[in-house]
Amino acid sequence: MSNSTNLLLNYLAATPQDKIDAGAISFLANIEKVKEISPDIAESIINELRDQRTHLKLIASENFSSLSVQAAMGNLLTDKYAEGYPYHRFYAGCDNVDKIEAEAVKLACELFGADYAYVQPHSGADANMVAFLSILLAKVQDTMLKDMGVEDIAQMSRDDFNKIRDAYGKQKLLALDYYSGGHLTHGYRHNYSSILFDVYSYTVDRETKLLDLDALREQLHEVKPLVFLAGYSAYPRKINFAKMRELADEVGAVFMVDMAHFAGLVAGGVFDGDYNPVPYAHMVTSTTHKTLRGPRGGFVLCQEEYKDYLDKGCPLFLGGPLPHVMAAKAVAFKEANTPDFKEYAANITKNSAALAQALIDRGVSVITGGTDNHLMLLDVQETYGLSGRQGESALRDSGFTLNRNALPFDVNGPWYTSGIRIGTPAVTTLGMGESEMVIIAELIDNLLRHTESTSSNRTRYETDPAVAKLAKEQVQELLSRFPLYPEIVI
């Protein structure tokens, strides 16, 4: 993209008037404004569009948001501070932000059937931190304050306040182990959650790689945690949240669910009944991207008893919320509450099942023997003699974008890994269906079967050049039939 090329003017000149798209105009106009100050940044943004148009996005935690969602983020709302919550701010001039955030809260509650929603978290990790701290406030701090006859911790002596701090550090969290599919924020030793809590982990069964609720019940009764956390970032099956709530109630634990990965499947009605966490969990956290197809950000749903604690997200942990991102969340929630989105959510799981089965039919080791959701895990060490890092890199060279992923009880550790994770949300957004999933399975399997490890350190590899070239051509042909943001012409 040369500095003299005006993408917007070229687009307007080349596009028939009845085909001109407002979203495309907004995108290209923004690029031109960026280019006035920093041509290099503008170039990188355009190159990212080109990259995503020429690589098959199979990362389970990524998607393509609508141009309406993107437009809601790119405006002057970013300039406004709005600490507090709707109609209760620490800054003046938040009238419009109040309306936006209140609308996002209302739409989230309607979409998920929740008592209350908090839409300020900047990410899923932030949403989990706000939820954790809200639970600690409700169950530890406020209980101790009542016992001490104190209303405001700011008026406490240092010694008395330290008693509360000490009590915080003794609270137990029971969550899914990282290698079994849990998230970093679920108690991983290198994450803040392991500092905040005395963490215990549950794992999948060593043979089936599935959750064993009977074994989990025994562990719950042994540990008796304050917080029992369900949810995952790399577990390919449904979870019965009704049963899990029963287990939590047996030991008096707060039941929290991180549905960041499958929020779109809940919103779209694919995960319903016992598999919808919202009616059963005291607290539900999520991101707004991934299967929900909104902006990068987070939110928390809760039952009525925790509402006032969530609204203390600032000053508790968060600083100023991002009004432009909250506006984009509201747009995404509205988009998700439509028949079209329900069809999209159903297609995600259909495509995921078809892709997993096509891989299994080709002799690929798929963890748990399939999937109920949007993702699957392949054991590339067992199937191809490759580390996850080698598999990820070899596939990227030929136009696939996915990520290596640790498998349960992984001998290769979290950096090299023995597996790769594949997700279908983004390719489903592009309009691909089950027949395309069979093609993708064939391309992945054929490429990895012609890739060899060439080092003992699990990093270097060599792919048959002819196979790699053919795979790349086939990926491009597939993507040409399902273009990303076709309304944007560059």
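**The nonpolar core and its rings**

Guide: The largest nonpolar core has 90 residues, and those with the most contacts inside it are Phe112, Phe228 and Met259. A nonpolar core here is a set of buried Ala, Val, Leu, Ile, Met, Phe, Trp, Tyr and Cys residues joined through side-chain atoms within 4.5 Å; buried denotes under 20% relative accessible area, exposed over 50%, and partly exposed in between, with a 1.4 Å probe and protein chains only. Helix H6 (residues 124-148) supplies the largest share of this core, 13 residues; helices (H or I, at least four residues) and strands (E, at least two) are DSSP runs numbered from the N terminus. Apart from this core lies another, of 53 residues, including Leu8, Leu386, Ala394 and Leu395.

This is a predicted model, in which local features need pLDDT of at least 70 and side-chain atom pairs count only at pLDDT 80 or more, whereas totals for chains, interfaces and linings use all residues. Residues are numbered from 1 along each chain as its sequence is written, and side-chain values use heavy atoms, with hydrogens and water left out.

Leaving aside neighbours within four places in sequence, Phe112 is in contact (heavy atoms within 4.5 Å) with Met259, Ala263, Val266, Ala267, Val278, Leu292, Phe299, Leu301 and Phe333. In general, nonpolar side chains tend to be buried together in soluble globular proteins.

As for the aromatic rings, there are 14 aromatic pairs. Rings of Phe, Tyr and Trp (its six-membered ring) pair if their centres lie within 6.5 Å; planes under 30 degrees apart count as stacked, over 60 as edge-to-face and the rest as tilted. Phe262 and Phe271 form a tilted pair, 5.6 Å centre to centre with 50° between the planes, and both residues are buried. Phe299 and Phe333, two of the contacts of Phe112, have ring centres 5.4 Å apart and planes at 80°, so this pair is edge-to-face. The pair links distant parts of the chain, as Phe299 belongs to strand E10 (residues 298-302) and Phe333 to helix H14 (residues 323-336), 34 residues apart. Phe299 counts as buried because its relative accessibility is 0%; Phe333, at 1%, likewise counts as buried.

Phe262 and Phe271 also belong to one aromatic cluster with Tyr232, Tyr235 and Phe241. Charged side chains accompany other rings: Arg206 lies over the face of Phe409, at 3.9 Å from the ring centre, and Lys312 lies over the face of Tyr309, at 5.4 Å from the ring centre. Such a placement requires NZ of Lys or CZ of Arg within 6 Å of the ring centre and within 35 degrees of the ring normal.
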